[in-house]
Amino acid sequence: DSVSAVVHAASLLGIPMSAAAIPSRRQTDNASLLGRFDWTPSQTVDASLTTSLRRSKSAASFVGSTALPGHGGDLTRYGGDVTAELSTLIDSTFLNDLRIGAHTDVSDAAPYVNLPDARVLVTSQLADSTTGLTSLVLGGNAGLPRYTRTSGAELWNQLIWNSLDNKHHWRATADARLDRLAQNEGANTRGTFVYNSIADVEANR
């Protein structure tokens, strides 16, 4: 059939059909961890620390029904958060709330083979006598590798004052944030070859 013919033609050109990193099945693994520590040394002080970690890996991603396994790759996502909070009551009239936090998230998509993308136009005669036209994909993936990292930090503080007779109420809030994005897109860095037929693949034209 057309797929076998494309595979045979590609193998004659030295295009690998498999690699050691290619898994035998599509699978996604997820793991996460959440922890919290509370500390209350007195009736006027309350503190807490919250942390979380997460990781997800999807094997055999970026592979469709008309693509050979080498066209795919692994998608790995991981990140973490940490937040510390402190509440303090001062002289029974001032309440100060302080929160400091930071986070980071990474998305890393890695190809199985570092080769140019290749697409072969295939015409097939279907069972109802109609003609089917599709594009078979082999070689590497033009959209990989791809890497994105987002991170940030925040400092938040709020001071509240209540008069002893509860007739007056004042509040002052300060909030500072830092956000960062790092991105590396490997868009078609190795090029893309388009063949109009299987014969063109065999002739390497």
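View 1. The lining consists of Leu13, Gly14, Ile15, Pro16, Leu115, Pro116, Asp117, Ala118, Gly139, Phe193, Tyr195 and Asn204. A pocket is an open set of points on a 1 Å grid over the protein atoms alone, where a 1.4 Å probe fits, with protein on both sides within 12 Å along at least five of seven lines; lining residues have an atom within 4 Å of a point. The space in this largest pocket is about 170 Å³, a volume filled by probe spheres set on the points, which are joined across faces, edges and corners. The model is predicted: local features need pLDDT of at least 70, side-chain atom pairs count only at pLDDT 80 or more, and totals for chains, interfaces and linings use all residues. Residues are numbered from 1 along each chain as its sequence is written, and side-chain values use heavy atoms, with hydrogens and water left out.

**View 2. The open three-stranded sheet β6-β5-β9.** Pairing in this sheet is mixed; two strands pair if DSSP finds at least two bridges between them. Because β6 (131-139) and β9 (192-195) are edge strands with a single partner strand each, one side of each has no neighbour in the sheet. Strand β5 (residues 117-125) runs parallel to β9 and is joined to it by four bridges; Arg119 has Val194 of β9 as its bridge partner. Helix α1 (residues 2-12) packs on the sheet, touching β5 and β6, and its direction makes about 35° with that of β6. Contact means heavy atoms within 4.5 Å; angles run from 0 to 180 degrees between N-to-C directions of lines fitted to C-alpha atoms, for helices over the stretch in contact.

**View 3. The largest nonpolar core.** Twelve residues form this core, among them Val6, Leu68, Val120, Leu136, Tyr195 and Ile198. Elements supplying at least two core residues each are α1, β5, β6 and α2 (198-203). Such a core joins buried Ala, Val, Leu, Ile, Met, Phe, Trp, Tyr and Cys residues through side-chain atoms within 4.5 Å, buried being under 20% relative accessible area with a 1.4 Å probe, protein chains only.

**View 4. The open six-stranded sheet.** The strand order is β1-β2-β3-β4-β7-β8, with antiparallel pairing. At the edges, β1 (27-42) and β8 (169-185) each pair on one side only.

Key:
Buried < 20%, exposed > 50% of the residue type's maximum accessible area, 1.4 Å probe, protein only.
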